[in-house]
Amino acid sequence: MKKLIVYTDLDGTLLDHHDYSFEPVLPVMDRLKALDAKVMAVTSKTVAELEAMDLPFPAPSPSITENGMVRIDFEGRCYVAQHYEDIIAFIENLPSQYRQYFIGFNDMSVAEVVQHTGLEEAAAMLAKKRIGSEPFLWQGDETALVALRDLAQSSGFRITQGGRFYHLMGQGDKGEAIKEMSKDYASLYKEHHIVSVALGDGPNDAQMLGVVDYGVKIPNSSGHDFEVLNPAGSVINAPEAGPRGWAAAMSDLLDQLELQL
Ligand SMILES: [Mg+2]
């Protein structure tokens, strides 16, 4: 017997890039429910942001948030690579040659987060409720940033670059979090063969599409293609962007798998 677990990015993947609707996925979501498949969000958003969203599956338990740094399992237990207080303590104790150029979410007022992210005020408040990573703006030069990266690394942290924000976080990533989640799922269904699927539309989803049995690439609205390097399973190209592509690719995959389910 096979058991499906589905990991999905939100913006531009499950949710329409412009109006955030997920209407087109509802029929295939019913099929997934009938198969007792588990569907969850894997996102850069915070748990607080996820809780405030309208989604076609239960959240945030289970979910993977803050770019893989926070994982809430099937029983609602929360795993964090580095706790936010420790991240903030590391920042506060930075030598001034780094600290003066570092402007994190924790340093910003809600109004400043609004100004730098374009989020609405309510959303900015939720984005500030962090558990395992700190987005920051860097106002220093590249040399100082490289040195900061090394310092972070030697203290058990890591710096990644998003769009205009950098992120200070613990070790691990979305792919690692997915592997842990799939392991938990397999231990809940020992007699089943677990089939994992992930869907995403951006370069920061490449790694999660690479660690599952079926990685579904949703064409993104900016037209930037990305590559999934050394995928563990198959990579599928969805025929359309957003939730329409999600529904079409998932429905095809279910047709294909149902023969064996
Ligand atoms: Mg996306």
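Predicted model: local features only at pLDDT ≥ 70, side-chain atom pairs only at ≥ 80, totals over all residues.
Colleague: Which element gives the most to the largest nonpolar core?

Modeller: That core has 30 residues, and Val197 is one of those touching the most other members, along with Leu14, Leu32, Trp246 and Met250. The elements giving it two or more residues are β1 (2–8), α1 (26–34), β2 (38–41), β10 (193–200), β11 (214–217) and α10 (242–258). The top giver, with seven residues, is α10.

Colleague: Okay, on to helix α3. Why do its buried residues line one face?

Modeller: Start with who is buried in α3 (residues 84–92): Tyr84, Ile87, Ile88, Phe90 and Ile91. Look down the axis of α3 and those buried residues fall within a limited arc, so they line one face of the helix. In general, an α-helix has 3.6 residues a turn, so residues three or four places apart point the same way. As for the arc in α3, its value is 155 degrees.

Colleague: And what do the buried residues of α3 pack against?

Modeller: Both helices and strands turn up here. The buried residues of α3 pack against α4 (96–99), β6 (102–104), β7 (133–138), α7 (142–154) and β9 (166–169).

Colleague: How many residues does the hairpin from β8 to β9 go through?

Modeller: Strand β8 (residues 158–161) is also antiparallel to β9, with four bridges joining them. In that pairing, Gln161 stands opposite Tyr166. Tyr166 and Leu168 are buried on one side of β9, with His167 and Met169 buried on the other. As for the hairpin joining β8 to β9, the number of residues it goes through is four.

Colleague: Which residues coordinate the magnesium ion?

Modeller: Along the chain, the donors follow the spacing D-x1-D-x189-D. They sit at 2.2 to 2.3 Å from the ion, and they are Asp9 (OD), Asp11 (O) and Asp201 (OD).

Colleague: Is Asp9 buried or exposed? And what does Asp11 count as?

Modeller: Buried means under 20% relative accessible area, and exposed means over 50%. Asp9 has 9% relative accessibility, so Asp9 counts as buried. Asp11 has 34%, so Asp11 counts as partly exposed.

Notes:
Residues numbered from 1 in each chain as written. Heavy atoms only, no water. Donors = N, O, S within 2.8 Å, 3.2 Å for Na, K, Ca; no water. Buried < 20%, exposed > 50% of the residue type's maximum accessible area, 1.4 Å probe, protein only. Arc of directions from axis to C-beta. Contact = heavy atoms within 4.5 Å. Core = buried A, V, L, I, M, F, W, Y, C linked by side-chain atoms within 4.5 Å. Pairing = 2+ DSSP bridges.
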